Protein chains: 2
Amino acid sequence: LPAAPRAAILLIGNELLSGKVDDENARFLTRELRALGVTLSRVEVIPDDPADVAETVRALASRHDIVFTSGGVGPTHDDVTMAAVGAAFGMALARNLELEGLLRAGIGPRLHERDLRMADIPTGARLEYGLRDAAAAGRAWPVVVVDNVWILPGVPSIFRRKFDLIRELFRAEPIHARAVYSREPEGPIAGALDETVATFPAVEVGSYPHLDAPDYSVKITLDGRDRAAVDAATTYLVGLLGAAVVRTE
Amino acid sequence: LPAAPRAAILLIGNELLSGKVDDENARFLTRELRALGVTLSRVEVIPDDPADVAETVRALASRHDIVFTSGGVGPTHDDVTMAAVGAAFGMALARNLELEGLLRAGIGPRLHERDLRMADIPTGARLEYGLRDAAAAGRAWPVVVVDNVWILPGVPSIFRRKFDLIRELFRAEPIHARAVYSREPEGPIAGALDETVATFPAVEVGSYPHLDAPDYSVKITLDGRDRAAVDAATTYLVGLLGAAVVRTE
């Protein structure tokens, strides 16, 4: 992975688009990626439609270092993710014996023939157990990975458990963040923000009006991988804003 | 609009992708659209990048009846939505005198020259006040619409207020929903779901395992615009599942 990797999250599921279920997985993963130093540059939520999933996976995988999918990996008719990710990379599905063994051991005598569909994965997929030691890995359920696409389940508790397994594989250079709170609203400070952006091109500057905040009008955020540049941009902006600054973080 | 319109939501803002701010607007609008009978078929979250916004707006607008954008409409450097939506449709920005008048009246003497940027909209845009009477409309801040793209602000309280203005313009045929709760997990019931899907192609069937539910394993949802078909599919599925059914809704 590059030092500043770019990721996308693809949530697959009609239930998210109909409002029956609120997303928990993108919300969780957004914070995890930020803490890891991975730049999240896109989230998409799409239906359980095989062609849409395949086309979207292909587009996201070509434009990002890492793609995480969530949902559509069970044994029922609306579980289309494995076939669609395979289609995105021109791979058929085939029964994976390692996964079949884990399913048989995990579900035991209640295993239904249909459950074995969850062992059908794209032919070029690999199984990723993360950085655990071999004994722990042997007991874990791995993450299925196709090229740069990491396929995670939709059930939030399992999503988090599986991401825990692989989290440290994505550790990157940290992103440093500062904030400046302005008494003045956006109009009067827009020029100072422009100057700061122009002077510190490696620092990402965001401006967010907070209508209900007790003592400020705008929160300005300054982010970047170069801590010295972020600090210098913050000092520069504070100098330009003068008496408008309520506080910095 | 068609009787069964398809919509997309585009959230624009680095703050959502960095996890600094949790989305409230897509969550709100998803429920509103469902209640209105509008099919939400995609949500995307992207950065404040003009080229990305323009390209994404163009793609979404060509594939959906309605696109709602959220964010990027203030007066600062990171507010790129108006220019980018204009670029998506080949329109330049121009100062709109009606919006300028509303800004001057609304902000009053505290108006900063830079705030007038919020009156710069694509040349082919229209202003939409919704279905209110003319007197009420004259006092409201309109929604800027370019072709089928409805441009809403990112601040949640204002987003909701502006959507309230236009909500009834999107009223469509209602979506009927039923649910069946199964004691059996997904593997054993997958065949019955397949049969139901094949027999009732106009009904959307979803299957959702709930690991922590007290008395069932799977919630099955059946949705459609044809109430009789949804009810018939529910009866059919309940017949197939037999003793596995805990209850229906």
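**Entry 1: the A/B interface**

I started with the contacts between the chains: 56 residues of chain A touch 56 residues of chain B. I'm keeping in mind that this is a predicted model. Next I looked up the area buried between chain A and chain B, which comes to about 4600 Å². Carbon and sulfur atoms give 48% of that area. Which residues of chain A lose the most area to chain B? I found A:Arg27, A:Arg42 and A:His77, together 13% of what that side buries.

**Entry 2: symmetry**

I laid chain A on chain B and got an RMSD of 0.0 Å. Which C-alpha of chain A is nearest the axis? I noted A:Glu44, with its C-alpha 2.2 Å from the axis.

**Entry 3: α3 and α4 in chain A**

I moved on to helix packing inside chain A, taking helix α3 (residues 50-63) and helix α4 (residues 81-88). Their axes lie 8 Å apart, and the helices pack at an angle of about 50 degrees. That makes α3(A) oblique to α4(A). The crossing of α3(A) past α4(A) is right-handed.

I listed who makes the contact. From α3(A) come A:Pro50, A:Val53, A:Ala54, A:Val57 and A:Arg58. From α4(A) come A:Ala84, A:Val85, A:Ala87 and A:Ala88. Sorted by class, I get eight nonpolar residues, no polar ones and one charged.

**Entry 4: α2 and α7 in chain B**

Over in chain B I picked helix α2 (residues 25-36) and helix α7 (residues 156-166). Their axes come within 10 Å and cross at roughly 20 degrees. How do α2(B) and α7(B) run, roughly parallel or roughly antiparallel? An angle under 35 degrees counts as roughly parallel, and α2(B) and α7(B) are therefore roughly parallel to each other. I logged this crossing as right-handed.

On the α2(B) side, I see B:Asn25, B:Phe28, B:Leu29, B:Glu32 and B:Leu36 in the contact. The α7(B) side brings B:Pro156, B:Phe159, B:Arg160 and B:Phe163. My tally by class for α2(B) with α7(B) is six nonpolar, one polar and two charged.

Terms used:
Residues are numbered from 1 along each chain as its sequence is written. Chains are lettered from A and ligands numbered from 1 in the order in which they are written. This is a predicted model: local features need pLDDT of at least 70, side-chain atom pairs count only at pLDDT 80 or more; totals for chains, interfaces and linings use all residues. Side-chain values use heavy atoms; hydrogens and water are left out. Copies are superposed by least squares on the C-alpha atoms of residues with pLDDT of at least 70 in both. Axes are lines fitted to C-alpha atoms, for helices over the stretch in contact, and angles run from 0 to 180 degrees between N-to-C directions. Helices (H or I, at least four residues) and strands (E, at least two) are DSSP runs, numbered from the N terminus. Angles under 35 degrees count as roughly parallel, over 145 as roughly antiparallel, 65 to 115 as roughly perpendicular and the rest as oblique. A crossing is left-handed if the near helix is turned anticlockwise from the far one by less than a right angle, and right-handed if clockwise. Contact means heavy atoms within 4.5 Å. Ala, Val, Leu, Ile, Met, Phe, Trp, Tyr, Cys and Pro count as nonpolar, Asp, Glu, Lys and Arg as charged, and the others, Gly among them, as polar. Buried area is the accessible area (1.4 Å probe) that two parts lose on being put together, summed over both.
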